[in-house]
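Please look over the sequence and the model together before reading on. The report is meant to be read beside them.

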Amino acid sequence: MKPPHFDEGINGWFVDQMRRTGFYKYDPTNYHGPLHFYILFLAQTLFGRHIWALRLPVVLASIGALWVTLRFEPLLGRKVSRIAALAMAVSPGFIFYGRYAIHEVWLELFSMLFVLGLLGLWKIGTRRYLWCVGVGTTGMILTKETYIIHLGCAAIAAGVLWVSHKITPLPNLKRARRQWNWADLAIVIAVAIVAIVFFYSGTFWNWPGLRGLYETFATWYQTGSKGNGHEKPWPYWLELILRYEWPVLIGVILCLSCQFFRNFAIRYLAIYGVGVLAAYSIVNYKTPWCVISILWSFLFVFAAGVAALKIPRKAFFVAGFAVVGFVVGAMGSYLIQSSAVHDACSWPAYLLGAIKVTVAASSTSPTCGEIGWRLYASALVFTLLGAAFGLYVGGSSRISDKVMKAVQLGSGGLALLMSLALAISLNYFRCSTDTEPYVYVQTYNDIYKLTRPVLKLAQSNPVYYGMVGHLIRTSTYPFPWILGDFPNVGYYEHDNLPGKADADFLLVQQDQIANVQKKLHESYFTEPLTIRPYQDTSKLYLNAKTFGKFFRGEDPDFVGQPEPTPGKPMR
């Protein structure tokens, strides 16, 4: 249903190169680890060169993340782990990006495994959790250089949890008896080192690739600070949460009440989640698929809130007044906006614009201009003030336990239902609609105008794999991967043109159409075709001789000038 994304086309192209070279040559400027490419190579080798095979490993990894969620049961209880898994299973983002052949799902899976191992080592202490830490850490290193954020936040969260315990003691925090020995640790470390060396060295064919393990951070720092075309303001993740992820939103709100959590694992996950969210908010380079590796821990906090037999009265009021504070802060943020915003729109128009930018996960209103960071700064300040007020008045409140329970279950149920509705809308009806903030640099369905007739002909008769095609435009991905089995398809950029313009099909950039048409001598059916957002519309030419059966009863849209007859030789 969803056309291959630009990044999927790039990843597929890397896999095609591996078929030629025999290994993946890690490039630290690519800031993506090698494991994903070897897994895609295996899937494509076994199942063929098509999008189903390319996405299959990531689909399995996303299901694996659900399985890991359920493995938290010994630490959090059956009800909490199952509600968290349910929230993940109906999440718009976790479904949407769990069907993309990109790295992020692996980072989600391995970071979950890593944190599960840390908590399990402390609470249970068995060898199994030692392996979870080892496999999770190794997997993150092999997947994406942002692993350093997750490792750093996990370490900081442990220190913050210790301070939190000193303020509000946690019951049964004593560390479990260690059920592994130093030999077990040595084996885990040895396996991790071998795996890292094996993949980063290009299966021992590219030893310089090992230097990329540390060289990449200089490049990654530059990219993260500059944004390189993907820069977003700091509230971007909050905007996405408000737009799509309602259970996560409740989880974030409940983090303000983390001192009331009696389970050390939930309190740790709340602290870890806030740390990761803050760290990714600081980085200017932001792409929406990162949400699945950023937000998963909040699903456990949400589940703990829904599953709690009784929420402490103060915790209830902290969360409730935090929501009130957020709304008040958002409404009052007009007062701290720049004079340009005041000149551009009135307060009512501003409030409407604030709603629109939230829905669009943007910081810029077409009417009022740039309003996002001050809007969310004001909202967050009043959220904290509201939480403090809720803590103050919560002890003296007379709201009955039945009312609090109804709010607890009602808000949790509503969040899950909204999440499911948004997931169905996004994944089944709007998966390539570019007004959806999650649909980011997504290839348009327009590409089917070319790929469907071409692939149908090739599937009906292998002779058609020999078709000649000219793609005369810049940045044609994902076509180089989709048409990778067609050896006579050429790609031409800028002023570079094929010697013979006529072909079975052409895709021509807008500013080259006039030049190309002068050189065409055959008849073609034509259609406009836009590959993805932020690109000009190209013109598609399908040769009438080759594709005539797809246009029965129609006349070609373009008829080229006949080739000049060669002059008679002089006598």
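The sections below go from the whole chain to its helices, its sheet and several single residues.

## Basis of the model

This is a predicted model, in which local features need pLDDT of at least 70 and side-chain atom pairs count only at pLDDT 80 or more, while totals for chains, interfaces and linings use all residues. Residues are numbered from 1 along each chain as its sequence is written, and side-chain values use heavy atoms, with hydrogens and water left out.

## The chain as a whole

The protein chain has 24 helices and 8 strands, where helices (H or I, at least four residues) and strands (E, at least two) are DSSP runs numbered from the N terminus. Taken along the principal axes, its C-alpha atoms fill a box of roughly 115 × 70 × 40 Å.

Of the 571 residues in the protein chain, 53% are buried; buried means under 20% relative accessible area, exposed means over 50%, and partly exposed lies in between (1.4 Å probe, protein chains only). Among the contacts in the protein chain with a separation of 6 or more, 75% are between residues 24 or more positions apart, a contact being heavy atoms within 4.5 Å.

Helix H14 (residues 264-282) has 19 residues, which at 1.5 Å a residue should span 27 Å, and its end C-alpha atoms are 27 Å apart, which agrees; the expected span is 1.5 Å times one less than the number of residues. Because 14 of its 19 residues are buried, H14 is largely enclosed by the rest of the structure.

Helix H15 (residues 291-307) has 17 residues and reaches 24 Å from its first C-alpha to its last, close to the 24 Å expected. H15 bends by about 30 degrees at Ser 297, the bend being the angle between axes fitted to the seven residues ending there and the seven starting there. H15 is mostly covered, with 17 of its 17 residues buried.

## The six-stranded sheet

An open sheet is formed by 6 strands in the order S4-S3-S5-S7-S6-S8, with mixed pairing; two strands pair if DSSP finds at least two bridges between them. Its edge strands, S4 (489-492) and S8 (558-559), each pair on one side only.

Strand S5 (residues 505-508) runs antiparallel to strand S7 (residues 538-543), to which 4 bridges join it, whereas strand S3 (residues 469-472) and S5 pair in the parallel sense over 4 bridges. Leu 507 stands opposite Leu 540 in S7, and Leu 471 stands opposite Leu 507 in S5. In a regular strand the side chains alternate between the two faces of the sheet. From S5, Phe 505 and Leu 507 point one way and Leu 506 and Val 508 the other, and all are buried. Helix H21 (residues 448-460) lies across S5, strand S6 (523-529) and S7, running at about 20 degrees to S7.

Pro 28 is found in the loop between helix H1 (6-21) and helix H2 (35-47), and at 16% relative accessibility Pro 28 counts as buried. Leaving aside neighbours within four places in sequence, Pro 28 is in contact with Gly 212, Glu 215, Thr 216 and Thr 219.

Ser 62, in helix H3 (residues 51-70), is buried with a relative accessible area of 9%. The side chain of Ser 62 reaches the backbone oxygen of Val 59 at 2.7 Å and makes a polar contact with the side chain of Arg 99 (3.0 Å). A polar contact is a pair of N or O atoms within 3.5 Å; within protein, one must be able to donate a hydrogen and the other to accept it, and residues adjacent in sequence count only if both atoms are side-chain atoms.

## Backbone exceptions

Most residues other than glycine have a negative phi, and most peptide bonds are trans. A cis peptide bond, with omega about 15 degrees, joins Tyr 477 and Pro 478, and Pro 478 is found in the loop between S3 and helix H22 (479-482). Ser 475 is found in the loop between S3 and H22; its phi is positive, near 50 degrees, and at 25% relative accessibility Ser 475 counts as partly exposed.

Asn 172 has a positive phi of about 55 degrees although it is not a glycine. Asn 172 is found in the loop between helix H9 (147-167) and helix H10 (182-200), and is exposed, with a relative accessible area of 64%.

Definitions and conventions:
Axes are lines fitted to C-alpha atoms, for helices over the stretch in contact, and angles run from 0 to 180 degrees between N-to-C directions.
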